[in-house]
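Please open the model in your viewer and keep the sequence beside it. The tour below goes from stop to stop, saying at each one what to select and what is there.

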Amino acid sequence: MSPLLSAERRSLDASMERAGFYPTLLADVVHDALDGREPLSHLIHLETHFERTEVHRHITVLVLTEDMLVITHVDDQQLDEAGEQMMAQVSTESVPVTQIRSVVLGYMYAQPQNYKPSDPVREMTLAIAWSGGQRLDMGPAGCSDPQCEADHGYTGTVAQEDIVLRVSAEADGAQAVQNAKAFARALRKVNTDTTAVPRPVEGSDPRQRMPGIGGRFNRAHPQR
């Protein structure tokens, strides 16, 4: 085991501990999903939202290895009003990096007219697509006449994505945005290096096409 990879593993464990969201359960699930692989980079995103009198939290952990993107998601749910009975729902997905179709990054900067190279990113959105699934956002179409009551049908946008994470310096801290950028760079590098591998000669053994990737990853991935 190289010192770099063992250091990244320790960094992953420390990040899950700092997140404070059922860290023992989370670490056990993430390492089980890694199936012995060494992490190259990771990204942890913890969110909290309120629904009436209830507080819900959920965490997403992305771990990149040489050949896989491992995604772990944990939600908690309050089963009683006092919050003494809790339930955690866990899901994991392992995506071969060869199946990743796109990595899209979106940035937001404040006062762009005064931009300097040292200015920090205020907000970053990371979208990763691999299954070919698409999200359709639709709404009623209109026209420029505010008095018009005609039916103009619907308009919308189609976005190809399997997972989207939004990291804000205001909500998550400036370091969280930098961590997200570093993870995205690592993901793009591994994905680009993998897709740049020459295709096998026609008629060659198909088992040699993707060294290190077993047949258990050839299943279709569920769409979110």
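Helices (H or I, at least four residues) and strands (E, at least two) are here DSSP runs, numbered from the N terminus. What you have open is a predicted model, in which local features need pLDDT of at least 70 and side-chain atom pairs count only at pLDDT 80 or more, while totals for chains, interfaces and linings use all residues. Residues are numbered from 1 along each chain as its sequence is written, and side-chain values use heavy atoms, with hydrogens and water left out.

Of its 224 residues, 33% are buried, where buried means under 20% relative accessible area, exposed over 50%, and partly exposed in between, with a 1.4 Å probe and protein chains only.

Next, select leucine 34, which is found in helix H2 (residues 23-34) and is buried, with a relative accessible area of 1%. If neighbours within four places in sequence are left aside, leucine 34 is in contact (heavy atoms within 4.5 Å) with Leu12, Val63, Thr65 and Val70.

Now move to serine 15 in helix H1 (residues 3-19), which counts as buried at 12% relative accessibility. Beyond the neighbours within four places in sequence, serine 15 is in contact with His42 and Ile44.

Which residues have the most contacts inside the largest nonpolar core? Select Leu62, Leu69, Ile100, Met124, Leu126, Ile128 and Phe183, which hold that place in a core of 24 residues; such a core is a set of buried Ala, Val, Leu, Ile, Met, Phe, Trp, Tyr and Cys residues joined through side-chain atoms within 4.5 Å. Two or more residues each come from strands S2 (54-64), S3 (68-78), S5 (102-108), S6 (123-129) and S9 (163-168) and from helix H4 (174-195), and the largest share, 6 residues, is that of H4. Apart from this core lies another, of 14 residues, among them Met16, Leu26, Val30 and Leu34.

The structure also holds 5 salt bridges, each a side-chain nitrogen of Lys or Arg within 4 Å of a carboxyl oxygen of Asp or Glu. Select glutamate 38 and arginine 9, whose side chains meet in one of them at 3.8 Å, N to O. Glutamate 38 lies in the loop between H2 and strand S1 (41-51) and arginine 9 in helix H1, so the pair ties together parts that are 29 residues apart in sequence. Glutamate 38 is buried, with a relative accessible area of 18%, whereas arginine 9 is partly exposed, at 28%.

Then select arginine 37 and aspartate 67, whose side chains meet in a salt bridge of 3.0 Å, N to O. Both arginine 37 and aspartate 67 are buried.

Finish with the rings of tyrosine 109 and tyrosine 115, whose centres are 5.4 Å apart and whose planes stand at 85°, so the pair is edge-to-face. Rings of Phe, Tyr and Trp (its six-membered ring) pair if their centres lie within 6.5 Å, and planes under 30 degrees apart count as stacked, over 60 as edge-to-face and the rest as tilted. Tyrosine 109 is partly exposed, with a relative accessible area of 34%, and tyrosine 115 is partly exposed, at 44%.
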